[in-house]
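Biologist: Could you walk me through this one, step by step? I'd like to learn how to read each feature as we go.

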Amino acid sequence: MSALTDLNTGIALCRQCEIVNTRTKSVPGEGAENAEIMFIGEAPGWNEDQQGRPFIGAAGQFLDELLASINLKRAGVYIANVIKCRPPENRDPLPTEIANCQKWLDRQIELISPKIIVTLGRYSMAKFFPGKTISKIHGTSQTQNGIIYFAMYHPAAALHQGNLRQTLKEDMMKLPPLLAQAKALKQKAAEAEAPPKPEPPVQQLSMF
Ligand code: SF4
């Protein structure tokens, strides 16, 4: 069993918040265990709660479309949420729920070790870009501890505000160059950590 599958079992058994009493299934996340890009949304909705899978409703279909626009499939990335259980009536996640669930998200990030984390929506953004406003920083990135964090609107926002559809599409197009930048960053870090190459032995000059 992989460490990530083990983690998902832990999430399924977690009863730290009251919302476990109203949720159907936990929604840990899914995708490639060694994904270079990890998308982090807000919380499961009705469809996700029924099936235990993230982003499978209308917002998920739009996310698939956005991924396809840069030649990615969901199996090639990792998709998760800030909290793993559905809040009743799709209300916003409570600060205590976000705090309780932080350990699961932190461990997921540690195990997957992505090069880029894309925050989808303001709750996810608030975790990594504290004090910022999504309307100001969407489409921008910051680097911390070798990971590039990139802020985007939540795909569900485009279902209510049609003009955000184009904004999301344009922001998504910034990901491929960012990934190239992230790879170069990792390469540089690996080179800096590598032990110095031994000096070649000094050649003795022969007298004969
Ligand atoms: S939201 Fe997270 S911390 Fe709360 S019960 Fe679900 S898995 Fe546990």
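**Reading the core and the ligand shell**

Modeller: Let's begin with the largest nonpolar core, which has 48 residues. Ile37, Met38, Phe39, Val77, Val82 and Val118 have the most contacts inside that core. A nonpolar core here is a set of buried Ala, Val, Leu, Ile, Met, Phe, Trp, Tyr and Cys residues joined through C-beta atoms within 7 Å. This is a predicted model: local features need pLDDT of at least 70, side-chain atom pairs count only at pLDDT 80 or more, and totals for chains, interfaces and linings use all residues. Residues are numbered from 1 along each chain as its sequence is written.

Biologist: What counts as buried, and what share of the chain is buried?

Modeller: Buried means 20 or more other C-beta atoms within 10 Å of a residue's own, exposed means 12 or fewer, and partly exposed is in between, with C-beta atoms placed from the backbone. In soluble globular proteins, nonpolar side chains tend to be buried together. Here, 38% of the chain's 208 residues count as buried.

Biologist: Which residues is Val118 in contact with, beyond its sequence neighbours?

Modeller: Two residues are in contact if their C-beta atoms, placed from the backbone, lie within 7 Å. Leaving aside neighbours within four places in sequence, Val118 contacts Ile37, Phe39, Phe150 and Met152.

Biologist: And which residues are closest to the ligand?

Modeller: For the shell, a residue is near a molecule if its C-beta atom, placed from the backbone, lies within 6 Å of it. There are 15 residues around the ligand, and Cys14, Cys17, Cys85, Asn100 and Cys101 are the closest. Helix α4 (residues 95-112) gives the largest share of the shell, 4 residues. Helices are DSSP runs of H or I with at least four residues, strands are E runs of at least two, and both are numbered from the N terminus.

Biologist: Where does α4 bend, and by how much?

Modeller: The bend at a residue is the angle between axes fitted to the seven residues ending there and the seven starting there. For α4 that comes to about 40 degrees at Gln102.

Biologist: What does the buried side of α4 pack against?

Modeller: The buried residues of α4 include Cys101, Trp104 and Leu105. Its buried residues pack against α1 (3-13), β2 (37-41), β3 (78-81) and α5 (122-128).

Biologist: Last one: is Leu178 buried or partly exposed?

Modeller: Leu178 is partly exposed, because 16 other C-beta atoms lie within 10 Å. That residue sits in helix α9 (residues 175-193).
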